[in-house]
Amino acid sequence: MAFPALLRGPRHLLSPGRLAQLSRRCLSYVQGQSPEPRVREYFYYIDHQGQLFLDDMKVKNFITCFKDKQFLVFFFKQVQRNKSGRYEEHFPYVSPCGRERNYIRCDDRPVVFTHLLGDEPSGAQQLSYCGGGDKLAVRFEPEKLVMLPENGRVYHPAPGKSGGVGLVKSSLAFEMSPCFEFAGGGNAGNPISFLWYGKRHTLTNELLPLILPQEVPTLAPP
């Protein structure tokens, strides 16, 4: 499956943002560049809502993000750690497609869970991510949720090759937040359990080693 034809114009510079604070170096690339015969390289960005953009897109919103479901499913199923030896510091993930290398950076994680699918009493609930519906989904495991008290962000297990942990979209995390229970009955510190459809799940916090400290840098959009 071929990825969409992208810009092949003059050189684009990645706006510094937090990248400048991390490296103090200017990262340059050309969308569709060919570092070796028959190889093309493209550069993408995933925001904290799970929306996918060309990295050098100046305006990043719902209008400019990729929306084709077939493309999104293929793209995100291939997401893995970038071990190519190129752009690893600033684009820590890659979605390979034949001879195309699609480098990815993200606001937090490349997998962002956006919807809860299915009916809980039937035991068939899934978390869907990045616009793929039931084609991009994992089984919902409430006991493995993690909430970071310092920023309120919620995480859940994700496919292993994409890093093993995904961010829960803020609107969905807000819906879940009343279900978290804290020691002493307050709402401070790390939650200890998650009350879901009348069943109390003791939180395992097994994802914390993958989240703190973060394994890859998180970069703000340009």
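A definition to begin: two strands pair if DSSP finds at least two bridges between them. This is a predicted model, by the way.

Now apply that definition. Strand S12, residues 154-157, pairs with S13 in the antiparallel sense, over 4 bridges. Look at Val 154: it stands opposite Val 168 in S13.

S13 covers residues 165-168, and it also pairs with strand S8, residues 112-117. That pairing is parallel, over 2 bridges. Here Phe 113 stands opposite Val 168. In general, strands of a sheet pair through backbone hydrogen bonds, either parallel or antiparallel.

Next, another sheet. Three strands form an open sheet in the order S14-S15-S16, with antiparallel pairing. Which strands stand at the edges? They are S14, residues 180-182, and S16, residues 199-202. Each has a single partner strand, so one side of each is left without a neighbour in the sheet. On average, neighbouring strands of this sheet are turned by 35° against each other, direction ignored.

Zoom in on S15, residues 191-196. S15 and S16 pair over 4 bridges, in the antiparallel sense. Leu 195 stands opposite Arg 200 in S16.

Last stop: helix H2, residues 69-77. Which of its residues are buried? Phe 71, Leu 72, Val 73, Phe 75 and Phe 76 are. What do the buried residues of H2 pack against? Five strands: S3 (40-46), S4 (52-54), S6 (93-97), S7 (100-106) and S9 (126-129).

Finally, the N-terminal end of H2. Asp 68 caps it. A side-chain oxygen of Asp 68 lies 3.3 Å from the backbone nitrogen of Gln 70.

Definitions and conventions:
Residues are numbered from 1 along each chain as its sequence is written. This is a predicted model: local features need pLDDT of at least 70, side-chain atom pairs count only at pLDDT 80 or more; totals for chains, interfaces and linings use all residues. Side-chain values use heavy atoms; hydrogens and water are left out. Buried means under 20% relative accessible area, exposed over 50%, partly exposed in between (1.4 Å probe, protein chains only). Contact means heavy atoms within 4.5 Å. A polar contact is a pair of N or O atoms within 3.5 Å; within protein, one must be able to donate a hydrogen and the other to accept it, and residues adjacent in sequence count only if both atoms are side-chain atoms. Axes are lines fitted to C-alpha atoms, for helices over the stretch in contact, and angles run from 0 to 180 degrees between N-to-C directions.
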